[in-house]
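Hello,

Here is the structure I promised to pass on. Have a look at it first, and my notes follow below.

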Amino acid sequence: MIRFGIIGAGRIGIVHARSVEKNLGAQLVAISDPVKEAREKLAEQYGATPVETAEEIFGNPEIDAVIVCSPTPLHVPHILEGVKAGKYVMCEKPVAMKLEAAKQLQADLEGFDPKIMIGFNRRFDPSFAKIHQLVEDGEIGPIEQLTVISRDPAAPPKEYIAVSGGIFKDMTIHDFDMARFFLGDITEVSASGQNLDPELADTGDFDAAVIVLKNAEGKIATIVNSRHCAPGYDQRLEAFGPEGTLFAENIRPTTVRVSKRTHSDALDPYLDFFLERYEAAYSNELDAFIDAIDGKRPFTPSVDDGVKALEIAEAASESARSGKVVEL
């Protein structure tokens, strides 16, 4: 039984608390958050102890592993504190707000034997993982093109956008990791940002983007993002090779189709948000983390994966604002 502490009782902390509670190999011991009402509410729901500070999590000898769900600027210090305390650490994306801080983390971890996993949960989505396995098995021959479509149903609050690091570090970071998952290291980044939503015009950030990534072999990943999507949470992936194509389509609450005089083959809208769409991915991610703790698999995605995804994010931002291709 792996005993867990969670840092952060916000939206993503709630997701991870639910995953720990459902996992037979995990026990939730404590939850920290500076907001008293938030930590007490979540701790009571899952039978854990509410504490105010992350230090109380790291210093608790009854906790084996820590899930870091704190704001992004605190990821690096919380990862380091966890490692120094001898804890296994799973940290939400991105690994840091800035690439310089992420690289400093790599340097600061030298000399330790860190057991860290970065929360790129989409690697563990059943549909995406199945496509990846089929690609690895040679089902469509060597992959030539990857297409990732990721559109949110609605934009987050402006207050969140202001501290998120922008669309490339907050939203597209998952897709950058997915591109590396399939294509390996990226050598060239080209991005076009869009400002089409008048409600977000004063944020200083893009509300949509199209990014093209290329690896050293000339294989291409195309990523399409938007902060809004009328039908719901649009999450699709296509892998193309000389022997065929693999698709992961959107998931809906049911498979019912309605046909009548006014329309035919009407389906339910897409699942509304990431909490529902990626529930299985978060559960599988926790399984993988526990397997890594038990020595059954490596701790991946790793800090290095997080650093490389962040490097692509900063290159995409540079490309979108300069109109130039950025080489890595």
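In what order do the seven strands of the open sheet run? The order is β12-β11-β7-β10-β9-β8-β13, with mixed pairing. Before I go on: this is a predicted model, in which local features need pLDDT of at least 70 and side-chain atom pairs count only at pLDDT 80 or more, while totals for chains, interfaces and linings use all residues. Residues are numbered from 1 along each chain as its sequence is written, and side-chain values use heavy atoms, leaving out hydrogens and water.

Strands (E, at least two residues) and helices (H or I, at least four) are DSSP runs numbered from the N terminus, and two strands pair if DSSP finds at least two bridges between them. At the edges of the sheet are β12 (244-248) and β13 (326-327), each pairing on one side only. Helix α6 (residues 126-136) packs on the sheet and touches β11 (234-241) and β12; contact here means heavy atoms within 4.5 Å. Elsewhere in the sheet, β8 (residues 186-194) and β9 (residues 208-215) are antiparallel over eight bridges, and Ser192 has Val210 in β9 as its bridge partner.

Strand β7 (residues 145-151) holds Ser150. Ser150 counts as buried because its relative accessibility is 1%; buried means under 20% relative accessible area, exposed over 50%, and partly exposed in between (1.4 Å probe, protein chains only). Leaving aside neighbours within four places in sequence, the contacts of Ser150 include Arg122, Asp175 and Asp234.

Beyond its neighbours within four places in sequence, Phe176 is in contact with residues including Phe168, Leu213, Ile312 and Ala316.

With a relative accessible area of 29%, Arg3 is partly exposed. Not counting residues up to four places away in sequence, Arg3 touches several residues, among them Gln27, Val29 and Glu62. A polar atom of the Arg3 side chain lies 2.9 Å from the backbone oxygen of Glu62.

Best wishes

Technical notes: Axes are lines fitted to C-alpha atoms, for helices over the stretch in contact, and angles run from 0 to 180 degrees between N-to-C directions. A polar contact is a pair of N or O atoms within 3.5 Å; within protein, one must be able to donate a hydrogen and the other to accept it, and residues adjacent in sequence count only if both atoms are side-chain atoms.
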